[in-house]
Amino acid sequence: CSMNLKVSFTWFGLVIFALPMLINIAYVLFPPAGKAERAAAVTHWIEIVEQISRIAYLFAVTLLVSQDERSFQSAWLYLAATFLILYYAVWFRYFMGGREIALLRRSFLSVPMPLAVFPVLYFLCAAIWLHNLPAAIIMMIFGAAHLTVAIQSFRKRQIMGRIEVPCEVCQNIHETHRDSPGVSVSFRYRRQQSPTLTGSAGECR
């Protein structure tokens, strides 16, 4: 990276920022199958840091131009392209897998939270290739906030997935006898961990 920068608009930076965003068009046109999940609550100030650093990166990568020559044989360019391809591969798995939202969170090539990891590495490598030190620093800040938000969201979904619910038999018993005089109905839950993060079942004992 370099600090030999001037303030000027660059199409290179705009294209680099826009490339990962194009898939959002397909996501809007072909929404997830099934019921949409409610977003998990995360630490508010970290979300603010994430949003501010995202916008700051856009300005830095499009309005700060290095006067050092870019090399199209640079390893940083090829690394950025690799992470972008991996990012789109995760989305390809999602669309080919029936647009199940769980596919977007599932590990890809043993990399956890691929939709959080791959774009951050892509943007970071692209900033280094552009010799744009401010953009690289901003992306490291964004990456730290973005990954923190992703981890918090993942853990909240795990907790939400362990909510105890009565089994269907107990619900029927309770509904049948709740208004009957002199009849006392009680039951306890035995929690069973679901193999997925989408929910868990309760069973009487």
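This is a predicted model: local features need pLDDT of at least 70, side-chain atom pairs count only at pLDDT 80 or more; totals for chains, interfaces and linings use all residues.
1. Overall composition. The chain contains 8 helices and 4 strands. Read from the N terminus, its elements follow the order β-α-α-α-β-α-α-α-α-α-β-β. Of its 205 residues, 31% count as buried. Among contacts between residues at least 6 apart in sequence, 76% join residues at least 24 apart.

2. Geometry of the α4/α6 pair. Helix α4 spans residues 75–96 and helix α6 spans residues 114–129. The two pack at an angle of about 155°, and their axes are 8 Å apart. Angles over 145 degrees count as roughly antiparallel, and α4 and α6 are therefore roughly antiparallel to each other. Their crossing is left-handed.

3. Residues at the α4/α6 contact. On the α4 side, the contact is formed by W76, L77, L79, A80, F83, L84, L86, Y87, V90 and W91. On the α6 side, the partners are P114, L115, F118, P119, L121, Y122, C125, A126, I128 and W129. By class, the contact of α4 with α6 has 20 nonpolar residues, with no polar and no charged residues.

4. Geometry of the α1/α6 pair. Helix α1 covers residues 11–18, and its axis comes within 10 Å of that of α6. The two axes cross at roughly 170°, which makes α1 roughly antiparallel to α6.

5. Residues at the α1/α6 contact. F12, I16 and F17 in α1 meet Y122, F123, A126 and W129 in α6. By class, this contact has 7 nonpolar residues, and again no polar and no charged residues.

6. The buried side of α1. Which residues of α1 are buried? They are G13, I16 and F17. These residues cover an arc of only 95° around the axis, and they therefore lie on the same side of α1. An α-helix has 3.6 residues a turn, so residues three or four places apart point the same way. What covers the buried residues of α1 includes α3 (44–63) and α6.

7. H146 lies in helix α7, which runs over residues 133–160. Is H146 buried or exposed? Buried means under 20% relative accessible area; H146 has 17% relative accessibility and so counts as buried. Leaving aside neighbours within four places in sequence, H146 is in contact with E50, L115, A116 and V120.

8. Positive phi at M113. M113 is not a glycine, yet it has a positive phi of about 45°. The residue is found in the loop between α5 (102–105) and α6. Because its relative accessibility is 22%, M113 counts as partly exposed.

9. Positive phi at H131. H131, likewise not a glycine, has a positive phi of about 60°. Its position is in the loop between α6 and α7. With a relative accessibility of 21%, H131 therefore counts as partly exposed.

Note on methods:
Residues are numbered from 1 along each chain as its sequence is written. Side-chain values use heavy atoms; hydrogens and water are left out. Axes are lines fitted to C-alpha atoms, for helices over the stretch in contact, and angles run from 0 to 180 degrees between N-to-C directions. Angles under 35 degrees count as roughly parallel, over 145 as roughly antiparallel, 65 to 115 as roughly perpendicular and the rest as oblique. A crossing is left-handed if the near helix is turned anticlockwise from the far one by less than a right angle, and right-handed if clockwise. Contact means heavy atoms within 4.5 Å. Ala, Val, Leu, Ile, Met, Phe, Trp, Tyr, Cys and Pro count as nonpolar, Asp, Glu, Lys and Arg as charged, and the others, Gly among them, as polar. Buried means under 20% relative accessible area, exposed over 50%, partly exposed in between (1.4 Å probe, protein chains only). The arc is that of the directions from the helix axis to the C-beta atoms.
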